[in-house]
Amino acid sequence: MRHVVSIGKREFASFFSTPVAYVFIAIFLVLSGVFTFFVGSFYERGQADLTSFFNFHPWLYLFLVPAIAMRSWAEERKSGSIELLMTLPISVTDAVLGKFIAAWLVLGLALLLTFPLWITVNYLGQPDNGIIIAAYIGSWLMSAAFLAVSMCMSALTKNQVVAFILAIVVCFVFVVSGSNIVLDAFQSWASANLIDAVATFSFLFRFESMAKGVLSLSDIGYFVVFTGAWLYASLVIIEQKKAD
Amino acid sequence: MISVKQLCKRFGQQMAVNHLSFDLSPGDIVGFLGPNGAGKSTTMKMLTGFLTPSSGEISINGKSLETDRISIQKQIGYLPEGAPAYGEMTVIQFLHFIADIREINGSRREQAIRDVVSKVALEEVLNKTIDNLSKGFKRRVGLAQALIHDPDILILDEPTDGLDPNQKHQVRKLIQMLSKEKIVIISTHILEEVSALCNRVMIIAEGEKRFDGTPDELLKRSNAYNSVHLHLSYAADISGLDELDGVKDMLVDHKTGKVTLIPEPGVSIVHLVSEYIYQRRLPVDQMTVEGGQLDDVFRQLTAPHAAEEVA
């Protein structure tokens, strides 16, 4: 645990000693504003809630989380510093968790910095702040799932661009598996159970109720298990490929 | 105490390390020699727990690396090839990070960092980012990182590669300064480094051990070891030199008047030669005894399939 903190601290500081974190947070804030006000018609809806903000989070994360995670292992392997890291007296689990937590905190920070939106709705009306907080927590949980996938893709390759593209593709699959595009394709031939199964794997499906502030145990469990599984996969991949 | 038994590492079809066995005890400063791709780095990566051996056993201070990896890694300082580090950090941040991971806490940490910084002379670059340092400084940061916890075992992969002669000298002095109680393993291509630094040489080629002994023993294996060079001031009859006991071969360069007498292996011929010169009043104005050519031995030992067994 101690080592997780040491590694996490180093990784977190490294996000801020390079422009990565600043660029990420700036773009996240700009895009979430654009989506909320222009695409999500925040004003036109005339409701004091942040649904139009949260609804776009899966799509924002789809591109931004792979961008922040792509260097995590790819860079480490390319520069050879992985040899240094893995010969320090730490376990691979420490390294995986440390890196994950650091990046997840950056995502959390980006989310926190959207607070002006929250102030805006509170100024314009009387929103249910409990719902908003729940939706924030849900969104942060979902970002962990995106992050775990993206870090796993970064562990697969030495090339950050490849890691980025792979991560987008895999995340995209999990995002859209619940959308009508995919489900319609299944509609004609698959049984209802299969369609449901596909849909339940979808981030969109899982996040739908979370965006409305409903944190059900099954949705939370889904994201926790999903994140854990992908982190475990990266652990296995790193053990296998660290020296390649 | 490091004990390696029948260590093998296979990459696909290729045996990178092939049944390597050796024991090292405190005080050993081992030079790991071998051509590129001989398996030096692979062996070091296995010793430090970075790579898992395909078969064989490594035990360090009585513990098996397989089961006690982390507690063994605490006693090892390792400089990987090319001295990789986190380039975006400053030197002092980097050393703090390593000290943190190595669990050097509180006032001990400040002390450890101060000591290691003065040992490898990093004072002037403490607040620079590692990416902006020269090669020599980067290498020293790597050494500092390996030394910060005062390890019992120090494994340095090409510590002087790519440094200028002054920097090489500094690194060598540093290694010599280290406590005599440590095990130090250095890999290098530079033969002179081995005679300057090490009290033990291991030559590896094609993943196999080709030589294990002291630098002197290595020199003795040179054909030229103990050979005698003469220079004649004018032409004279020297045919008798060739027939002296123990002289294996005589090479004469008529242009320069240089004569080289090569002895049978293990025989010293210098006294016979000088007696002969004295008796015949040969016009010799220069006479030197050769200490042996490391390059020759190295080439000889690492030649493909020169799998001659060595004591």
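A crossing of two helices counts as right-handed if the near helix is turned clockwise from the far one by less than a right angle.

**View 1. Helix 3 and helix 5 of chain B in the predicted model.** Helix 3 of chain B (residues 91-101) packs on helix 5 of chain B (residues 135-147) at an angle of about 25°, the two axes lying 10 Å apart. Because angles under 35 degrees count as roughly parallel, helix 3 of chain B is described as roughly parallel to helix 5 of chain B. Helix 3 of chain B passes helix 5 of chain B in a right-handed crossing. To the contact, helix 3 of chain B contributes B:Val91, B:Phe94, B:Leu95 and B:Ile98, while helix 5 of chain B contributes B:Val141, B:Ala144 and B:Gln145. Six of these contact residues are nonpolar, one is polar and none is charged.

**View 2. The open four-stranded sheet of chain B.** The strands follow the order 12-13-11-14 with antiparallel pairing. Strand 12 (247-253) and strand 14 (284-289) of chain B stand at the edges with a single partner strand each, so one side of each has no neighbour in the sheet. From one strand to the next, the twist averages 15°.

**View 3. Strand 14 of chain B, its pairing and the helix packed on the sheet.** Strand 11 (residues 228-232) of chain B pairs with strand 14 of chain B in the antiparallel sense over five bridges, and B:Gln286 in strand 14 of chain B is the bridge partner of B:His231. Helix 9 (residues 270-280) of chain B packs on the sheet, where helix 9 touches strand 11, strand 13 (258-263) and strand 14 of chain B, and its direction makes about 175° with that of strand 14 of chain B.

Conventions
Residues numbered from 1 in each chain as written. Chains lettered and ligands numbered in written order. Predicted model: local features only at pLDDT ≥ 70, side-chain atom pairs only at ≥ 80, totals over all residues. Heavy atoms only, no water. Pairing = 2+ DSSP bridges. Helix = DSSP H or I, 4+ residues; strand = E, 2+ residues; numbered from the N terminus. Axes fitted to C-alpha atoms, helices over the stretch in contact; angles between N-to-C directions. Contact = heavy atoms within 4.5 Å. Parallel < 35°, antiparallel > 145°, perpendicular 65-115°, else oblique. Nonpolar A, V, L, I, M, F, W, Y, C, P; charged D, E, K, R; others polar.
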